[in-house]
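Please keep the sequence and the model in view while reading.

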Amino acid sequence: GIMKGFAPDYIGPNDTATLKMRLVSTFDPNAPTPLTLTGVSYTDTLPSGLVVATDPKASTDCAGTGTGGKAVVTANAGTNLVTLSQATIPPGTNCVIQADVKAPATLGAYNNTIPANAVTSNQGIPNQSAASATLNVVNSPIVTKAFENSSRNPGQANKLTVTITNNDPNLALSGVALTDTLPAGLAIASTPGAGTTCTDGVVTAVGGGNTLRLSSASIAASTS
């Protein structure tokens, strides 16, 4: 069989994600005559709008009859095809094929499916079920920062405000996290007075330290 997914599965327009596919043999390695699949191959056609990235970083850990005893992955930049050939899958094992893909400028959910029977082998045994994954192209959040006062005397405290804007009109963000490391010479005040208006957000700021952290925040669509 075959499984697939994108990492990450939410990215901004024209950004890059890694398409990962896993071939799995469910045959019993302890059978009287264990069945190894050879010549395993398939072609994954990306949905309209997605293309192989400029630097595909195509790779596999599948054994095979290609160079170095590996299967062969073909993913040419700018095309919509990722192809595996010459793979060998021993019984009870699995292996991974991956390549980077580039998102289009248009927001949306891009579903990528390898149909049933698309994976072939010399033994004539195909994948019985389709494998699908969705890459969601959304507007990236925007982060801005400002000090309350543009100048301060040495040793005086100043308030730093970090604003995270969810720039997508439809998607609510959850699990939002941010780490802001102050430059040399600045430190968190002894009484930090740290807080956030972000729903469920947790702020960590230790007096004398140089790191401000936000975690577990939720930001509704088109809000800050």
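An open sheet of 3 strands has the order 15-17-16 and pairs in antiparallel fashion; a strand is a DSSP run of E with at least two residues, numbered from the N terminus, and two strands pair if DSSP finds at least two bridges between them. The model is a predicted one, in which local features need pLDDT of at least 70 and side-chain atom pairs count only at pLDDT 80 or more, while totals for chains, interfaces and linings use all residues. Residues are numbered from 1 along each chain as its sequence is written, and side-chain values use heavy atoms, with hydrogens and water left out.

**The sheet**

- Strands of a sheet pair through backbone hydrogen bonds, either parallel or antiparallel.
- The edges are formed by strand 15 (173-181) and strand 16 (202-205), each of which pairs on one side only.
- Strand 15 and strand 17 (residues 211-219) run antiparallel and are joined by 6 bridges.
- Within this pairing, Leu-178 stands opposite Leu-214 of strand 17.

**The disulfide and the cysteines**

- The count comes to 1 disulfide, a disulfide being a pair of cysteine sulfur atoms within 2.5 Å.
- Cys-62 and Cys-95 form this link, with their sulfur atoms 2.0 Å apart.
- The pair connects distant parts of the chain, 33 residues apart: Cys-62 lies in the loop between strand 6 (59-60) and strand 7 (63-64), and Cys-95 lies in strand 10 (residues 94-102).
- The link of Cys-62 and Cys-95 is right-handed, with 90° about the S-S bond.
- Both Cys-62 and Cys-95 are buried, that is, under 20% relative accessible area with a 1.4 Å probe and protein chains only.
- Cys-198 also counts as buried, because its relative accessibility is 16%.

**The largest pocket**

- The largest pocket holds about 990 Å³ of space; a pocket is an open set of points, on a 1 Å grid over the protein atoms alone, where a 1.4 Å probe fits, with protein on both sides within 12 Å along at least five of seven lines.
- Its lining, meaning residues with an atom within 4 Å of a point, comprises 32 residues, and Asn-158, Lys-159, Leu-160, Thr-161 and Leu-212 lie nearest the centre.
- Strand 14 (160-165), strand 16 and strand 17 each supply at least two lining residues, and strand 14 gives the most, with 5.

**The second largest pocket**

- About 220 Å³ of space lies in the second largest pocket.
- This pocket is lined by 14 residues, and those closest to its centre are Gly-1, Val-24, Leu-37, Ile-125 and Pro-126.
- Strand 3 (16-24) and strand 4 (37-45) are the elements that give two or more residues to this lining.

Definitions and conventions. Helix = DSSP H or I, 4+ residues; strand = E, 2+ residues; numbered from the N terminus. Buried < 20%, exposed > 50% of the residue type's maximum accessible area, 1.4 Å probe, protein only. Points joined across faces, edges and corners; volume = space filled by probe spheres on them.
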